[in-house]
Amino acid sequence: MIYFDNAASTVIVPEVIDVMNECHAGLYGNPSAIHTSGRKARVVIEQSRRSIASLLHASPSEVIFTSGGTEANNAVLWSCCKDLHKKDFISSRLEHPSVIRTLEALVKYFDIRVHYVQHDPIGHICLDHLEELLQGIPGTVVSLMHANNEVGNLLPVKDVSGLCKKYGALFHSDTVQTIGKYDIDMSKLSFDFAVGSAHKFHGPKGAGFLYVRNGIPFEPFITGGGQERNMRAGTENISGIAGMAKALELAVESMEENRLYIEGLKVFLIASLKEAIPDIRFNGDAEQHSLYSIINILLPERADHDMLVPRFDMAGICLSSGSACSSGSSVGSHVLKALGRAPEDPSVRVSLSRFNTVEEVKRLVEVIKSMCG
Ligand code: PLP
């Protein structure tokens with residue numbers, strides 16, 4: 001099996017499994033308990049927090065553990081409404097559902113407005129329009145993702161955070177796809193809120209974190225316990241948290257090496273596809289300001305559109321689709337729709353990791369070529 005669906009989830013590396021197994025076997029005390037067994041578990045949680053904070057150049061008090069990226073995004077947006085009493089949000093039509101759908105839900109519960117910033121035909125946010133919106137609406141919250149999980153486009157974070165500062169807006173960025181892939185320095189990048197999810201960087205599912213800049217009066221989204229310094233109730237997922245800290249440590253340790261390797265595979269895939277299928281196209285800004293691990297491919301019209309993902313699967317390749325018809329789902333990709341693609345356009349997302357090889361990329365190109373007749 002060839003696995004090209006790393007933006008959806010990644011393999012857990014053995015070093016992380018070892019750390020998690022040690023926790024499962026030895027740390028059964030409740031970390032809130034004050035006896036020896038509870039304190040042992042607490043130590044591991046706080047060590048993990050310090051490690052993650054230091055890898056992000058943040059303070060440990062700025063890191064709150066969650067069940068993943070979805071919860072963290074929900075927590076930020078809910079808190080902005082109920083605790084910070086924000087009335088206006090600026091976001092885009094290209095965000096992950098955990099942002100778009102949450103904002104849609106919040107409109108029903110609070111007296112808030114969501115303003116959608118325009119994007120260009122390849123999916124980059126229009127900074128002039130963002131500035132225009134910020135100028136007209138003081139004290140807003142900007143929620144824009146760092147890297148788009150479907151097409152890979154990267155946000156010009158420094159420009160956006162500069163504008164947020166200039167107009168007194170809070171800046172939330174869904175950084176799920178970029179944590180562990182770029183040097184994210186919270187002391188320099190002016191995020192007020194950012195989020196991470198361990199299973200995107202070779203850690204476990206069900207473990208994530210929320211970064212909240214010190215000084216922002218954040219209140220819990222999940223209530224009913226004093227865990228996470230009263231910021232997130234519920235007994236902590238100790239093995240998940242320790243596994244996430246280990247996974248992030250490994251990702252950051254070999255970040256540059258991984259980036260060069262994966263970027264090389266992406267460049268090779270794009271060049272090979274162009275050579276094999278001259279009318280191949282890409283969704284988003286595949287060759288410029290794009291996450292090095294994601295490529296969204298638009299197959300030529302003559303390609304058989306039906307059941308694309310199952311057909312790749314039968315050829316031994318796991319990847320994901322962007323369009324309704326080929327995924328078998330009844331809902332198309334809101335991102336590709338916003339970029340002007342029709343639901344029947346045959347698009348597939350290939351997302352790479354350091355465990356992919358040139359041979360696997362060659363096999364993918366062969367399979368795609370055979371589908372294009
Ligand atoms: N945000 C982005 C950009 C994602 O790609 C994902 C996962 O696909 C999430 C949020 C949700 O993260 P989780 O799976 O940890 O809930």
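A cavity here is a set of grid points where a 1.4 Å probe fits but cannot get out, and its lining residues have an atom within 4 Å of a point. Keep that in mind as you click around this predicted model.

**Stop one: the second largest cavity.** Select Leu-94, Gly-123, Ile-125, Asn-148 and Asn-153; of the 16 residues in the lining of the second largest cavity, these lie nearest its centre. The space inside comes to about 140 Å³. Colour the lining by class and you'll get 10 nonpolar residues, five polar and one charged.

**Stop two: His-124.** Now pick His-124, in the loop that runs between strand S4 (113–116) and helix H5 (127–136). Is His-124 buried or exposed? His-124 counts as buried because its relative accessible area is 15%, and the cut-off for buried is under 20%. Leaving aside residues up to four places away in sequence, show what His-124 touches: Gln-118, His-119, Asn-153, Leu-154, Asp-285 and His-289.

**Stop three: the largest cavity.** Next, select Gly-180, Lys-181, His-202, Asn-258 and Arg-354, which lie nearest the centre of the largest cavity, out of 20 lining residues. Helix H8 (238–253) and helix H9 (255–276) are the elements that each give two or more residues to this lining. The volume of the largest cavity is about 220 Å³, and its lining has nine nonpolar, eight polar and three charged residues.

Domain 1 (2–9 + 254–371) and domain 2 (14–253) both contribute to the lining, so the largest cavity lies between them.

**Before you go.** How many cavities of 30 Å³ or more does a search of the whole structure find? There are five.

Key. Residues are numbered from 1 along each chain as its sequence is written. This is a predicted model: local features need pLDDT of at least 70, side-chain atom pairs count only at pLDDT 80 or more; totals for chains, interfaces and linings use all residues. Side-chain values use heavy atoms; hydrogens and water are left out. On a 1 Å grid over the protein atoms alone, a cavity is a set of points where a 1.4 Å probe fits but cannot get out, and a pocket is an open set with protein on both sides within 12 Å along at least five of seven lines; lining residues have an atom within 4 Å of a point. Grid points are joined across faces, edges and corners, and a volume is the space filled by probe spheres set on the points. Helices (H or I, at least four residues) and strands (E, at least two) are DSSP runs, numbered from the N terminus. Ala, Val, Leu, Ile, Met, Phe, Trp, Tyr, Cys and Pro count as nonpolar, Asp, Glu, Lys and Arg as charged, and the others, Gly among them, as polar. Domain bounds come from an automatic or database domain assignment. Buried means under 20% relative accessible area, exposed over 50%, partly exposed in between (1.4 Å probe, protein chains only). Contact means heavy atoms within 4.5 Å.
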